2 protein chains.
Amino acid sequence: MKTIREVAREFDVTARTLRYYEEIGLLTPARTETNQRQYNKKEIAKLKLITRGKRYNFSLEEIKEMVLLFDIDRTGKKQLTRTIEYGENKIKEIDARILELQEIKAEIAALAELFEERIRDIEKEEDNS
Amino acid sequence: MKTIREVAREFDVTARTLRYYEEIGLLTPARTETNQRQYNKKEIAKLKLITRGKRYNFSLEEIKEMVLLFDIDRTGKKQLTRTIEYGENKIKEIDARILELQEIKAEIAALAELFEERIRDIEKEEDNS
DNA sequence: CTTGATGTTTACGTGAACGTCAATGCTATA
DNA sequence: TATAGCATTGACGTTCACGTAAACATCAAG
């Protein structure tokens with residue numbers, strides 16, 4: 001059980017951010033007798049997913065869907081099957097993103113090659129002068 | 001030479017968006033005698049990069065860096081070399097992003113497997129009852 | 001030459017993801 | 001028990017990436 005400040009430090013976010021994540025239903029920390037937030041392992045695990053998702057530039061709305069996988073009642077077979085299907089879809093989306101990133105990468109690389117050619121041309125001209 | 005509305009339709013963005021991209025220095029369309037924007041091939045190429053970047057969830061600030069590669073004076077050897085170096089860095093960043101995406105993908109897949117196991121357990125229990 | 005679609009700038013509005021007070025309560029320690 | 005540090009809930013402020021409306025100019029068609 002960690003306090004808000006401990007968690008904030010650990011994940012390099014502000015306390016405000018953690019309260020905000022709670023506001024939008026991403027986190028659901030327990031409270032002490034005196035109303036202070038307590039973060040257990042599950043909340044920490046969710047936050048880990050959130051900060052990761054953020055690094056990959058997922059919107060909080062997208063992240064929310066993924067994080068809520070952790071909160072779904074997974075005692076029933078139907079729930080489990082549906083969750084797995086959802087996961088498979090997410091994987092497809094991620095694959096698409098990876099592909100697009102590889103395209104943009106190739107584009108930059110091609111541009112770089114073009115420039116290198118230009119440099120070689122310039123060097124030839126330098127030799128001839 | 002295309003008008004703002006033509007370009008907007010072609011790329012499925014609003015005219016406001018194109019004006020905004022100009023506001024923040026991403027696009028620099030020429031003007032007619034009567035002050036109307038004209039988009040040439042170079043601007044179109046830049047816009048293509050911008051919309052792509054957006055699809056990959058790059059911020060406009062990040063996209064700006066990449067788009068400006070098109071506007072740099074590339075007549076000099078030094079400029080070219082520096083531009084190539086920049087491109088190499090960008091490629092490294094993209095590679096990092098790809099790696100992270102692959103991690104999250106693996107995580108989801110692992111989760112799915114766990115759930116499938118749970119399902120098999122449930123099915124066993126069903127048989128035994 | 002009128003009309004309707006399209007263009008311009010200026011400027012205020014919006015939703016997301018927080019930042020930053022303010023006013024107040026809790027907690028640890030010297 | 002005083003006090004510094006951390007907690008709480010409002011509530012307003014900020015940046016990004018545009019949306020939207022106003023007031024006016026331009027262009028194409030009949």
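The model is predicted, so local features need pLDDT of at least 70 and side-chain atom pairs count only at pLDDT 80 or more, while totals for chains, interfaces and linings use all residues. Residues are numbered from 1 along each chain as its sequence is written, and chains are lettered from A and ligands numbered from 1 in the order in which they are written.

**Chain A on its own**

- Chain A holds 5 helices and 2 strands, where helices (H or I, at least four residues) and strands (E, at least two) are DSSP runs numbered from the N terminus.
- Along the sequence, the order in chain A is α-α-β-β-α-α-α.
- The radius of gyration of chain A is 24 Å, whereas a compact globule of 129 residues would have one near 14 Å; the radius is taken over C-alpha atoms, and the globule rule is 2.2 Å times the number of residues to the power 0.38.

**How the two copies relate**

- Two copies of a chain are related by a rotation about an axis and a shift along it.

**Around DNA strand D**

- DNA strand D is surrounded by 18 residues, and the closest are Thr3(A), Arg5(A), Arg37(A), Thr14(B) and Leu60(B) (near: C-beta atom, placed from the backbone, within 6 Å of the strand).
- Two or more residues each come from helix 1 (4-11) and helix 2 (15-23) of chain A and from helix 2 (15-23) and helix 4 (60-67) of chain B.
- Helix 2 of chain B contributes the most to this surface, with 3 residues.

**Around DNA strand C**

- Of the 17 residues around DNA strand C, the nearest are Thr14(A), Arg16(A), Leu60(A), Arg5(B) and Arg37(B).
- Helix 2 and helix 4 (60-67) of chain A, with helix 1 (4-11) and helix 2 of chain B, each supply at least two residues here.
- Helix 2 of chain A gives the largest share, 3 residues.
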